[in-house]
Amino acid sequence: MSTEDPAPHDDRIDLVVVFGGQSAEHDVSCTTAAHVLRAADPTKYRITPIGISRDGTWAVAAGAQQALESGELPGVLDPAGTAVSPIELQSFQSKPKDLG
């Protein structure tokens, strides 16, 4: 009988990067988010990129997620992906950790 934990605990911190939006700064936000994702250490953070389109649609940014997995992030992220409401984002968050 194995003594291994069947579901290893993932102690990484959840990091949700929200970018894009309806403002004139949409493109700047998409560029800045690419820099943030490039700098974030995936061994320390469980990263979820959330894009907001120019029309205000929130989405799990598929292209950014694929780029994260491949390690080849573009200079500007595309906010397109599977639509999600801000309320649904709670499912991406783990239970609060005791930081004390």
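Let's start in the sheet, where strand S3 and strand S4 (residues 81-83) run antiparallel to each other and are joined over three bridges. Here strands (E, at least two residues) and helices (H or I, at least four) are DSSP runs numbered from the N terminus, and two strands pair if DSSP finds at least two bridges between them. Within this pairing, Ala59 sits opposite Ala83 in S4.

Before going further, a word on what you are looking at: this is a predicted model, in which local features need pLDDT of at least 70 and side-chain atom pairs count only at pLDDT 80 or more, while totals for chains, interfaces and linings use all residues. Residues are numbered from 1 along each chain as its sequence is written, and side-chain values use heavy atoms, with hydrogens and water left out.

Now step across to the other partner of this pairing. S2 and S3 are also antiparallel, again over three bridges. Ile50 has Val60 in S3 as its bridge partner, and Gly51 has Ala59 in S3. The two strands make a hairpin with five residues between them, and Gly56 in the turn shows a positive phi of about 95°.

Ser53 belongs to the loop that links S2 (45-52) to S3 (58-61). Why is Ser53 classed as buried? Because its relative accessibility is 19%, and buried means under 20% relative accessible area (exposed is over 50%, partly exposed in between; 1.4 Å probe, protein chains only). Beyond its neighbours within four places in sequence, Ser53 is in contact (heavy atoms within 4.5 Å) with Gly21, Gln22, His26 and Pro79.

Stepping back, the chain has two helices and four strands, arranged along the sequence as β-α-β-β-α-β. The four strands build an open sheet in the order S1-S2-S3-S4, with mixed pairing. S1 (13-20) and S4 are at the edges, each with a single partner strand, so one side of each has no neighbour in the sheet. From one strand to the next, the twist averages 35°.

The helices come next. H1 (residues 26-39) packs on the sheet, touching S1 and S2, and its direction makes about 155° with that of S1. H2 (residues 62-70) also packs on the sheet, touching S2, S3 and S4, with its direction at about 150° to that of S2. For these angles, axes are lines fitted to C-alpha atoms, for helices over the stretch in contact, and values run from 0 to 180 degrees between N-to-C directions.

Finally, for the chain as a whole, buried residues make up 27% of its 100 residues.
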